[in-house]
Amino acid sequence: MKANPNKSNRYMPLLMAACVVVGILIGTFYANHFSGNRLSIINSSSNKLNNLLHIIDDEYVDTVNVNDLVEKAMPQILAELDPHSVYISAKDVQTANDDLKGSFSGVGIEFTIRQDTIHVQNVIKNGPAERAGLLAGDKIISVDGKPFVGKEVTNEEAMHRLKGPKDTKVKLGVLRYHEKKPRYFTVTRGDIPQKSVTATYMLDNETGYIKVKNFGENTYPELLIALAQLSQEGFENLVIDLRGNSGGYLMSAVQMANEFLPKNRLIVYTKGRKSPREDYRSDGHGSYQQIPLVVLIDETSASASEIFAGAIQDNDRGTIIGRRSFGKGLVQKPIAFNDGSMIRLTIARYYTPSGRCIQKPYTMGDDKDYESDLMDRYQHGEYFSSDSIKHTGQIYHTTLGRNVYGGGGITPDIFVPEDTLNMTSYYKEAAMSGLILQFAYTYTDDNRVKLNTFKELKELSDYLVKQNTVELFASYADHNGLRRRNLMIRKSHTLLEKFINSRIIYNIMDDEAWTKYLNGYDPVISATLKVFRTHSAFPQKPAAKAKTRK
């Protein structure tokens, strides 16, 4: 079959523009933005690519918006390099950075979008929205006098309208539950704290627990506050939970590791083609260098989480429990453009103290295998058996001589499989379809007055069990496209109840209550407490092999 020349010609402008972007990105941008570290570009190539841009603009058969072509082509160009070099448009930069900042300016609500309407899920305590009078369960139907419902209501647009400079005002039209007429609130935007440490409490009389959601600007001081709180409660062992933590700032991970390591221990080092090796070492000032320590990780623990876990493991400072981590060990440098957009360009790799590269293998220009890696692990059985873990790198050794493995991610010292007991196709569909989240919010909204009377987690949890939320969900799901399967519902009853009730608890209480509730069912937590009971939180030097006489 012959190729259609007209079809090929239609793609020529995009291909040509992509080439131009390379010239612009490398030639113009770096020349203008790298002070003290400028890149020299071969003049002939730069001129050729810039000329090509002018040719398209001057002579192409149709009108071409070159700026739009550049915006579309830049992500594709960076995707040819590695999975983590990315372009962020000007309108998305603030959102991309807010998660790791200590705070951002906004109204102070957590919301979900249902039926094309913003539903207030939680109102941040002492925040602008609470001071103005908003309540969890309110529906926002207008912003600054203009209706805000329907297809235009997206997460991005909602964030754009609700966030803004500190001390600016926004007028919100709100429909409250069981009321037909809207109320109007003028909210003065203010600083909204972004917490990295989302749970701090005692697992038992001796064991403190700290959940770290990400590694942001304030993670280290938040950790110190959490440790001080646990000290007042007399903790003798410590669990740091990094499951679900996708990373963040390198220095936050280094500061955290420094708190637990003796002086002059290597924490991590970075190295790249144009980036000389840089070592990060402990200074010996940490206050918790001797406390028995367990770090929890799973397949979604990435980047800075892996730096911390790798430092603890390679220095034999604590025990790593869970499942193999994600495997993101590429260092990105943020570089801003004049129009407010930015790129995060990979400039180096992370290496653990033993020399392991954290980054899992990838093919330049082909993200398909990389993106499907976690699903591949699941299908290969890695979540259920440590024997299924495929190590592609060489064996390395900790300070005590224990074997650790390269090839991507941190392999735990103690493997705990994913809990699939009583898993059914009904449960999977209920969870993955979002129906459980929808039901939990609807149930919360319909019963908010009663649910708000419970101030203790156990009281609320016991109450929800008596309400038979699984049966209520099954009826709700049946009316919303998920056919009732009674045998599967009975088999998965415990899983369904845990998921449903945990989300209701989250809606009424907070992250810490939600985490506490789930930890009560968690086999990883059970394995952790067993480690402390058997006094094995400090790794031991491998026993020498017995010599045989001939």
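Contact, as used here, means heavy atoms within 4.5 Å. The structure is a predicted model, in which local features need pLDDT of at least 70 and side-chain atom pairs count only at pLDDT 80 or more, while totals for chains, interfaces and linings use all residues. Residues are numbered from 1 along each chain as its sequence is written, and side-chain values use heavy atoms, with hydrogens and water left out.

With residues up to four places away in sequence not counted, L238 touches G208, I210, L227, L230, F260, I291, P292, L293, V294 and F532. L238 is also one of the residues with the most contacts inside the largest nonpolar core, together with I210, I240, F260, V295 and F308. A nonpolar core is a set of buried Ala, Val, Leu, Ile, Met, Phe, Trp, Tyr and Cys residues joined through side-chain atoms within 4.5 Å; buried means under 20% relative accessible area, exposed over 50%, and partly exposed in between, with a 1.4 Å probe and protein chains only. The largest core has 40 residues, and α10 gives the most to this core, with 6 residues. Apart from it lies another core, of 30 residues, which includes F439, Y476, I489 and L495. In soluble globular proteins, nonpolar side chains tend to be buried together.

Helices (H or I, at least four residues) and strands (E, at least two) are DSSP runs, numbered from the N terminus. Two packed helices are described by the angle between their axes and the distance between the axes. Axes are lines fitted to C-alpha atoms, for helices over the stretch in contact, and angles run from 0 to 180 degrees between N-to-C directions. The axes of α13 (residues 425-432) and α19 come within 10 Å and cross at roughly 15°. The two helices α13 and α19 are therefore roughly parallel, a term for angles under 35 degrees, whereas angles over 145 count as roughly antiparallel, 65 to 115 as roughly perpendicular and the rest as oblique. In this contact, Y426, Y427, A430 and A431 of α13 meet L495, L496 and F499 of α19. By class, the residues of the contact divide into 7 nonpolar, no polar and no charged; Ala, Val, Leu, Ile, Met, Phe, Trp, Tyr, Cys and Pro count as nonpolar, Asp, Glu, Lys and Arg as charged, and the others, Gly among them, as polar.

Helix α19 (residues 493-508) also packs with α20 (residues 511-519), their axes coming within 8 Å and crossing at roughly 160°. These helices, α19 and α20, are therefore roughly antiparallel to each other. On the α19 side, E497, K498, N501, S502, R503, I505 and Y506 take part, meeting D511, A513, W514, Y517 and L518 in α20. The contact of α19 with α20 has 6 nonpolar, 2 polar and 4 charged residues.

D511 has a further partner in T198, which, leaving aside neighbours within four places in sequence, is in contact with K211, K213, D511 and E512. T198 lies in strand β10 (residues 197-202) and is buried, with a relative accessible area of 12%.

Several loop residues complete the picture. N264, in the loop between α9 (250-258) and β13 (266-271), has a positive phi of about 65° although it is not a glycine. N264 counts as partly exposed, at 48% relative accessibility. D316, in the loop between α10 (304-314) and β16 (319-322), is a residue other than glycine with a positive phi near 55°, and at 9% relative accessibility D316 counts as buried. F326, in the loop between β16 and β17 (330-336), is likewise buried at 18%. F326 and G409 are 83 residues apart in sequence and 5.4 Å apart in space, C-alpha to C-alpha.
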